[in-house]
Structure formats: C-alpha cells, structure tokens
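Visitor: I'd like to learn how to read ring contacts in a model. Could you walk me through some?

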Amino acid sequence: MPLPVKIILSIAIVEALGFLSGFSTMSSLKTWYVDLQKPPGTPPNWIFGPVWTALYALIGLSFALVWHKAKPGPEKKQALTLFVIQLVLNLAWTPTFFGAQQILAGLVIIVLMAVMIYLTMRAFKKLVPMTFWLLLPYLLWVCYATYLTAGNFILNR
C-alpha cells in the first residue's frame with residue numbers, strides 16, 4: 001500500500017475514534033462540566049474540538065510513517081504496541097472524565113497516557129525520527145490537560 005493511502009487511512013481512523021469517544025460525552029459539556037470549579041488557565045470549550053482534530057491528524061500521520069517506513073521486527077512491534085496502549089488510554093479518558101464524571105479515574109488515566117505517549121515517542125523516534133516531533137504537540141497538550149484534570153479534581157472533591 002502506498003504511503004499516501006496509509007496516511008489518509010491512519011488519519012481517518014484516528015480521527016473517527018477520537019470523534020466517537022468525544023461524541024458520546026457531549027451532553028456532559030453542557031451540564032456537569034459547566035458547574036465544575038475550574039483551575040486557572042482553563043480554555044473555552046470551543047477550543048477542544050479544533051485542537052484535538054489537529055492532534056489526531058498528527059497522531060495518525062506519525063502512525064502511518066512508522067507503519068510504512070519502519071522495517072518489520074521487534075522494535076516496530078514494540079513501538080506499535082505502545083502506540084495502541086496510549087491510544088486506548090486516550091480514548092478511555094473522555095468517557096471516564098465526562099461520561100462517567102469520574103475525575104480521579106480520569107486523572108489516573110491521563111497520567112498513564114502521558115507516560116505512554118512519551119514512551120511511544122521514544123520508540124517511534126528510533127524508527128522514524130521525525131515522528132517524535134509530530135507527537136510532541138500531543139504530549140504537551142496532554143500535559144496541559146493533566147494539569148486541568150488535576151485542578152478539577154482538587155477544586156471539586
């Protein structure tokens with residue numbers, strides 16, 4: 001399969017998974033989340049959609065590049081396993097935090113997710129160096145989201 005097809009397919013799948021994860025919890029944004037005390041620096045709700053759309057595109061692109069360019073073998077298998085784990089954590093965070101309204105569980109998930117993103121970045125960098133930089137905005141945003149989640153936990157116990 002040519003690289004452009006892998007890129008389109010990977011981005012489309014990651015975007016679709018992200019949309020489904022977020023779609024299931026939209027009602028909580030207008031009800032439960034509105035009433036939370038929020039930490040300083042909390043952005044307006046409208047910013048999350050565009051940011052995650054851009055990040056999911058970078059995540060999908062990084063996956064496609066490793067899928068296409070990395071030689072088969074244990075390093076590639078490990079890197080893709082780490083990728084899947086961080087993506088599962090990513091997709092679990094929104095329904096946990098917003099859907100189940102479990103802030104502490106969301107905090108645990110997002111901390112684990114940040115660790116797994118970093119491990120994925122390191123593993124991807126060994127295979128396709130530019131993927132580290134493609135995933136850096138994702139890690140930075142998740143670190144920011146970790147601060148917001150921790151702040152929500154502390155302020156709303």
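Guide: Here is a short tour of the aromatic features.

Guide: This is a predicted model, so local features need pLDDT of at least 70, side-chain atom pairs count only at pLDDT 80 or more, and totals for chains, interfaces and linings use all residues. Residues are numbered from 1 along each chain as its sequence is written, and side-chain values use heavy atoms, with hydrogens and water left out.

Visitor: What makes two rings a pair?

Guide: Rings of Phe, Tyr and Trp (its six-membered ring) pair if their centres lie within 6.5 Å; planes under 30 degrees apart are stacked, over 60 edge-to-face, and the rest tilted. Searching the whole structure turns up 15 aromatic pairs. One of them is Phe63 with Trp67, tilted, at 5.9 Å centre to centre and 45° between the planes.

Visitor: Where do Phe63 and Trp67 lie?

Guide: Both are in helix α3 (residues 48–69), four residues apart, about one turn of the helix. Helices here are DSSP runs (H or I, at least four residues), numbered from the N terminus.

Visitor: How is the pair of Phe63 and Phe83 arranged?

Guide: Their ring centres are 4.9 Å apart with planes at 40°, so this pair is tilted. Phe83 sits in helix α4 (residues 74–99), so the pair ties together parts 20 residues apart in sequence.

Visitor: Is Phe83 buried or exposed?

Guide: Buried means under 20% relative accessible area, exposed over 50%, and partly exposed in between (1.4 Å probe, protein chains only). Phe83, at 3%, is buried, while Trp67, at 26%, is partly exposed.

Visitor: Which residues do ring pairs link into a cluster?

Guide: Trp32, Tyr33, Trp93, Phe97 and Phe98.

Key. Helices (H or I, at least four residues) and strands (E, at least two) are DSSP runs, numbered from the N terminus.
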